[in-house]
Amino acid sequence: MEGIRGDGASSASPLSQWGHDAWRMYQYYLDKTTPHTAYRWIGTLVITASYCLRVYYVQGFYIVAYGLGIYLLNLLIGFLSPLVDPELEVTDGPSLPTKGSDEFKPFIRRLPEFKFWYSMTKAFCIAFVMTLFSVFDVPVFWPILLCYWIVLFVLTMRRQITHMIKYKYIPFSIGKQKYTGKKPSASSSGFRGD
């Protein structure tokens with residue numbers, strides 16, 4: 001015996017339907033921001049500044065700031081790392097050139113720019129919301145956390161930079177790559193200026 005409603009989609013509760021519609025609207029506007037890189041990063045800087053002012057104003061939530069710093073460091077490492085690590089995997093797919101004579105292959109990040117921006121912005125929003133609740137304001141001596149984070153940052157970046165030097169890659173595009181072709185040798189030109 002069939003139920004009163006034969007259509008499974010219409011039997012969804014209004015609350016779940018509203019949540020689904022809200023999520024689709026959110027995803028629609030998020031997709032529309034994709035080509036506007038500069039505006040996205042300006043918005044993130046505004047959110048970052050408001051978070052920093054909030055932490056400075058209340059003089060607390062240093063554990064939240066420390067956790068945010070560790071998370072951002074992890075995102076940065078993913079942003080600066082290649083999709084395929086040359087020291088771990090040998091694949092037939094895209095990889096970094098190892099010699100100057102190798103074919104140009106663009107740098108493909110493990111964490112693309114859009115996901116890096118989105119995760120970073122989401123992290124600052126969550127951290128800002130956490131500063132509204134006193135349960136997250138654990139009393140700590142913040143200079144020790146700051147020193148520990150700086151040491152962690154320096155050690156991690158040093159390892160990342162040595163990896164970049166060892167495998168000769170730059171994680172940023174500097175202008176458009178141009179094909180120069182083969183340079184003619186002087187002896188094969190056939191032209192003599194007699």
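Contact here means heavy atoms within 4.5 Å. Leaving aside neighbours within four places in sequence, Phe116 is in contact with Trp41, Leu75, Leu76, Phe79 and Leu111. This is a predicted model, where local features need pLDDT of at least 70, side-chain atom pairs count only at pLDDT 80 or more, and totals for chains, interfaces and linings use all residues. Residues are numbered from 1 along each chain as its sequence is written, and side-chain values use heavy atoms, with hydrogens and water left out.

**Aromatic pairs**

- Rings of Phe, Tyr and Trp (its six-membered ring) pair if their centres lie within 6.5 Å; planes under 30 degrees apart are stacked, over 60 edge-to-face, and the rest tilted.
- That rule gives 11 aromatic pairs.
- Take Trp41 and Phe116: the pair is tilted, with 5.8 Å centre to centre and 45° between the planes.
- This pair links distant parts of the chain, 75 residues apart, with Trp41 in helix H2 (residues 37-58) and Phe116 in helix H4 (residues 113-130).
- Helices here are DSSP runs (H or I, at least four residues), numbered from the N terminus.
- Phe116 counts as buried because its relative accessibility is 9%, while Trp41, at 23%, is partly exposed; buried means under 20% relative accessible area, exposed over 50%, and partly exposed in between (1.4 Å probe, protein chains only).
- Phe114 and Tyr118 make a stacked pair, at 6.5 Å centre to centre and 0° between the planes.
- Both of those residues sit in H4, 4 residues apart, or about one turn of the helix.

**Charges over rings**

- A charge sits over a ring if NZ of Lys or CZ of Arg is within 6 Å of the ring centre and within 35 degrees of the ring normal.
- Arg109 lies over the face of Phe79, 3.9 Å from the ring centre.
- Arg40 does likewise with Trp117, at 4.9 Å from the ring centre.

- The buried residues of H4 include Phe116, Trp117, Tyr118 and Phe124.
- Among what covers the buried residues of H4 are helix H1 (14-32), H2 and helix H3 (62-80).
- A nonpolar core is a set of buried Ala, Val, Leu, Ile, Met, Phe, Trp, Tyr and Cys residues joined through side-chain atoms within 4.5 Å.
- The largest such core has 19 residues, of which Tyr51, Leu68 and Phe116 touch the most other members.
- H2, H3, H4 and helix H5 (142-166) are the elements that give two or more residues to this core, and H3 gives the most, with 8 residues.
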